[in-house]
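Here is a short briefing on one protein model.

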Amino acid sequence: MNKTEIIQKTAEYIKTKLTGEGSGHDWWHVYRVWQNGLHIGPQEGTDMFVVELACLLHDIADWKFNDGDETVGPKLAREWLQKLSVDENTISHVCDIIKNMSFKGAKTTVAVMPTKEGMVVQDADRLDAMGAIGMGRAFAYGGHTNREMYNPNIEPQYHATSEEYKNAKGPTVNHFYEKLLLLKELMNTKTAQQIAEKRHAFMEQFLDEFLSEWAGKN
Ligand code: ADP
Ligand code: NI
């Protein structure tokens, strides 16, 4: 199987596995991350085989839904890539990226991606949590987990541990302050930074409008 076929097969596999997933990790999230990766990667001079595979496989099993077990994702990704006879270097690179990906709370230490490919994939994922799409995802996630949309009496929490972040029950708008508005500063690559600036400004504009409508100022 050549690289194009491997990527195609992997996309089909993930599409089947994640279609209809309701927490914000459905196939279309993966698809958008993949497209972001295809846009950013070439400008950063990366091995696109690794970038594409890691984008496609990055949410194969989310730690938040596996009792915090972060080893499930890389393990499933490895099994899949071995089945397709992908070379060991690529497999371990892809699995390392998946292991280091996730945002786990505003005050938790951020894993630094050791390779350019990892940086691109992490940026591609983080961009999908920003802007119009990111806000849409946040409200969808909020509905999925029975959160209030907004509550002026509940302050945002800056989570110090991944446990706190995972178990947080605050309203969706707080999540903007707890994560979405922090992402701009976390971009690894120049290309993603520029996209993040635009998405960040759009979220701020949305929040201004949201809060003034909430307060009845029209
Ligand atoms: P990622 O795929 O970037 O690791 P997460 O798994 O943290 O993102 O979350 C999936 C989606 O759900 C993201 O768009 C994220 O912003 C959103 N989300 C996560 N936690 C919350 C929350 N407490 N309230 C609203 N949206 C959330
Ligand atoms: Ni993701």
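Contact here means heavy atoms within 4.5 Å of each other. The model is predicted. With that cut-off, the cover over the buried residues of H7 includes helix H2 (27-43), helix H9 (172-178) and helix H10 (190-214).

- Asp 59 and Asp 125 link distant parts of the chain, 66 residues apart.
- Asp 59 sits in the loop between helix H3 (48-57) and helix H4 (72-83), while Asp 125 belongs to helix H6 (residues 116-127).
- Both Asp 59 and Asp 125 are buried.

**Nonpolar core**
- The largest nonpolar core counts 52 residues.
- Leu 57, Leu 81 and Val 94 have the most contacts inside it.
- H3 contributes the most to this core, with 9 residues.
- Beyond four places in sequence, Leu 57 touches Thr 10, Ile 14, Ala 77, Trp 80, Leu 81, Val 94 and Ile 98.

**Helix H7**
- Helix H7 (residues 131-144) has 14 residues, which at 1.5 Å a residue should span 20 Å; its end C-alpha atoms are 20 Å apart, in agreement.
- Its buried residues are Gly 131, Gly 134, Met 135, Arg 137, Ala 138 and Gly 142.
- Viewed down the axis of H7, these buried residues fall within an arc of 160 degrees, so they line one face of the helix.
- Asn 146 follows H7 and has a positive phi, near 55 degrees.

Terms used. Residues are numbered from 1 along each chain as its sequence is written. Chains are lettered from A and ligands numbered from 1 in the order in which they are written. This is a predicted model: local features need pLDDT of at least 70, side-chain atom pairs count only at pLDDT 80 or more; totals for chains, interfaces and linings use all residues. Side-chain values use heavy atoms; hydrogens and water are left out. Helices (H or I, at least four residues) and strands (E, at least two) are DSSP runs, numbered from the N terminus. Buried means under 20% relative accessible area, exposed over 50%, partly exposed in between (1.4 Å probe, protein chains only). A nonpolar core is a set of buried Ala, Val, Leu, Ile, Met, Phe, Trp, Tyr and Cys residues joined through side-chain atoms within 4.5 Å. The expected span of a helix is 1.5 Å times one less than its number of residues. The arc is that of the directions from the helix axis to the C-beta atoms.
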